[in-house]
Amino acid sequence: MEVQAVRKGFTIAIAKVKQMKKDSEGKWNKSALDTCVENFNNGVKDLDSALEAINNHNIDSLQTILSSVLTYVTTCEDAMAEDPDSGELPNITNMEQKLTNLASNSLDIADQLNWT
């Protein structure tokens, strides 16, 4: 359920960032927003693979995938940090924090699984 929550969070984040990009009228760095969309899309794909790993009881794959998902959020954060106007985007910061928390929780749960 936690992995599904992370996936849903990424899906919501994609929609929000796309809307911000559309509404920005050149105010924010579209390249940074594109980086976030691309990474969040990768996160959704990887989380689909994580669900498959859960179904197959493949703990090693699950842990690797969830670790990757965390890097997608960090990559978005880094892209936004390079944008001088990103300080005006508290929604991105809040969204990134929620995604990080959800992904970290999923990884913590995966670390506790014992499918042997």
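A residue counts as buried here when its relative accessible area is under 20%. By that cut-off, 37% of the 116 residues of the chain are buried. Keep in mind that this is a predicted model.

**Stop 1: the whole chain**

Show the chain as a cartoon. There are four helices and zero strands. Starting at the N terminus, the order of elements is α-α-α-α. Turn next to contacts with a separation of 6 or more: 74% of them are between residues 24 or more positions apart.

**Stop 2: the aromatic pair**

Select F10 and F40. The whole structure holds one aromatic pair, and F10 and F40 form it. How are the two rings arranged? They sit edge-to-face, with 5.4 Å from centre to centre and 75° between the planes. Planes over 60 degrees apart count as edge-to-face, so the angle settles the class. F10 belongs to helix α1 (residues 2-23) and F40 to helix α2 (residues 30-55), so the pair ties together parts that are 30 residues apart in sequence. Are F10 and F40 buried or exposed? Both are buried.

**Stop 3: N39**

Stay in helix α2 and select N39. Its relative accessibility is 10%, so N39 counts as buried. Show what surrounds the residue, leaving out neighbours within four places in sequence. N39 is then in contact with F10, Y72 and T75. F10 is already on screen from the aromatic pair.

**Stop 4: the disulfide**

Select C36 and C76. A disulfide joins them, with 1.9 Å from S to S. A search of the whole structure finds one disulfide. Which helices does the pair link? C36 is in helix α2 and C76 in helix α3 (residues 59-81); the two are 40 residues apart, and the bond links distant parts of the chain.

**Stop 5: the salt bridges**

How many salt bridges does the structure hold? There are two.

Take R7 and D48 to begin. They form a salt bridge whose closest N and O atoms are 2.5 Å apart. R7 lies in helix α1 and D48 in helix α2, so this pair ties together parts that are 41 residues apart in sequence. R7 has a relative accessible area of 27% and is partly exposed. D48 is also partly exposed, at 35% relative accessibility.

Then select K21 and D34. Their side chains meet in a salt bridge at 2.4 Å, N to O. K21 is in helix α1 and D34 in helix α2, so the parts tied together here are 13 residues apart in sequence. K21 is partly exposed at 27% relative accessibility. D34, with a relative accessible area of 35%, is partly exposed too.

F10 and F40 link the two helices through their aromatic pair. R7 and D48 do so by a salt bridge. K21 and D34 do so by another salt bridge.

Terms used: Residues numbered from 1 in each chain as written. Predicted model: local features only at pLDDT ≥ 70, side-chain atom pairs only at ≥ 80, totals over all residues. Heavy atoms only, no water. Phe/Tyr/Trp six-rings, centres within 6.5 Å; stacked < 30°, edge-to-face > 60°. Buried < 20%, exposed > 50% of the residue type's maximum accessible area, 1.4 Å probe, protein only. Contact = heavy atoms within 4.5 Å. Salt bridge = Lys/Arg side-chain N within 4 Å of Asp/Glu carboxyl O. Disulfide = S-S within 2.5 Å.
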